[in-house]
Amino acid sequence: MPRSTPSKSTFIGLAAVFAAFFFAAGAPTPLLSLRQQEWGFSAATLSIAFSIYAIGLLAALLIGGSLSDHLGRRPVMLLALYGELLSMAVFIFAPSISWVIAARALQGLATGLATSAFNAAIAEHAPPHRKKLAGGLAGASVAGGLGVGALVTGAAVQFTSDANTLIFAILAVVMVIAVVYVSLTEETVTPRPGAFRSLAPRLGLPASIRREFGAGLPVHIAGWMFPALFLGLSPALLRVQFGLEGGLVAGFTAFLGPFTAALAGFYFTRHPARHSTLAGVSLILAGIIVVLVGISASWLPAIWIGAVLGGVGFGGSFGGQLRLIAPLVEPQQRAGVFAGIYIAAYLAFSIPVVIAGLLVPTWGIILTLQAYAATLLAFAAAGVVIQAVRLRREAAEKPVLVSVDA
């Protein structure tokens, strides 16, 4: 019988493996810009190549989001790793943008399977006194992986002759190591019937979280539209507005928001979840205003400053929303609820970018980005109002202790 990895440290290792999925998801941002120059495909095709990943992820969440509640965490995590490994191979040998799009779709499917299973497994492997750290690690894995993937790949584009092969070959090796590691982890769920029925696409959420989930939708939409702006559209902005085509500057611009989100996620765990959500969405609002100024004035430092502000806000608001919902969920509902949250998140991450890519040929990159940013700003403003109202209501509902003299 294989020896399992110690439970006390497993949640950290699983968070590292989970981050590798998002490192791989962030890697194509500077590579797609390079491929567009080499292969000459349109801005609309570029946006499809970026967002097909999120569409594949959504499909996997809809179909297999609660699969690990039935089969167990480990089998689903391993299936996701095998799918990710296959996508790395397709990236390495892709001869055209059609193959890259296929690789991105497969990568999205694999990451979708991984998302709910890894989130649940990380929480379940963490010791009781490390549950808050586990939640921070899970959130940081997503944002940090996206940002670091874009930065490292951008540097590889700038300084190596074949960044595509180098990056995805290294990632393939990482996935092989991850398969071995996950195979040695303990299973935290007892398999139960209903796996086949769970594959039927549905968007059911427990009644206990529906009100909180609905109140958080504008926060999720604004939060996830923000990194999508930089990961999906910033290479075109840098090229057209600033005449910058280097992989490093594209990677750095895409890196700032997600990486600061990862760091901020840990900071905000010290503060109440509602306060974190409100502060976070307020910073997203401030960040996108600064980005709009940078776009309109052709001032790149303002875009970077806005990316940092919005990134900090994304880390605080998304982590705060997860912490608001987690106590309301039963253990057997955990994977399905995480799937529902990430479905909302990745719809916001993908659909607006696709629409923007289709509008670029008619509107131009600057007007399209201004419209995108204005839409994001509207959702962020709605999120600020809703969270402020809920915070005020919760403060009013707190019982007041009155001392009575004997």
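The model is predicted, so local features require pLDDT of at least 70 and side-chain atom pairs pLDDT 80 or more, while totals for chains, interfaces and linings use all residues. Residues are numbered from 1 along each chain, and side-chain values use heavy atoms, without hydrogens or water.

**Core.** Select Leu-81, Phe-118, Trp-224, Tyr-346, Phe-349 and Tyr-372, the residues with the most contacts inside the largest nonpolar core, which has 126 residues. Such a core is a set of buried Ala, Val, Leu, Ile, Met, Phe, Trp, Tyr and Cys residues joined through side-chain atoms within 4.5 Å; buried means under 20% relative accessible area (1.4 Å probe, protein chains only). Helix α10 (residues 207-242) supplies the largest share of this core, 16 residues. Helices are DSSP runs (H or I, at least four residues), numbered from the N terminus.

Next, display Trp-224 and Phe-318, both buried. Their ring centres are 5.3 Å apart with planes at 85°, so the pair is edge-to-face (centres within 6.5 Å, planes over 60 degrees apart; under 30 is stacked, the rest tilted).

**Asn-164.** Finally, select Asn-164 in helix α8 (residues 163-183); Asn-164 is buried, at 7% relative accessible area. A polar atom of the Asn-164 side chain lies 2.9 Å from the backbone oxygen of Phe-91.

How values were computed. Buried means under 20% relative accessible area, exposed over 50%, partly exposed in between (1.4 Å probe, protein chains only). Helices (H or I, at least four residues) and strands (E, at least two) are DSSP runs, numbered from the N terminus. A polar contact is a pair of N or O atoms within 3.5 Å; within protein, one must be able to donate a hydrogen and the other to accept it, and residues adjacent in sequence count only if both atoms are side-chain atoms. Rings of Phe, Tyr and Trp (its six-membered ring) pair if their centres lie within 6.5 Å; planes under 30 degrees apart count as stacked, over 60 as edge-to-face and the rest as tilted.
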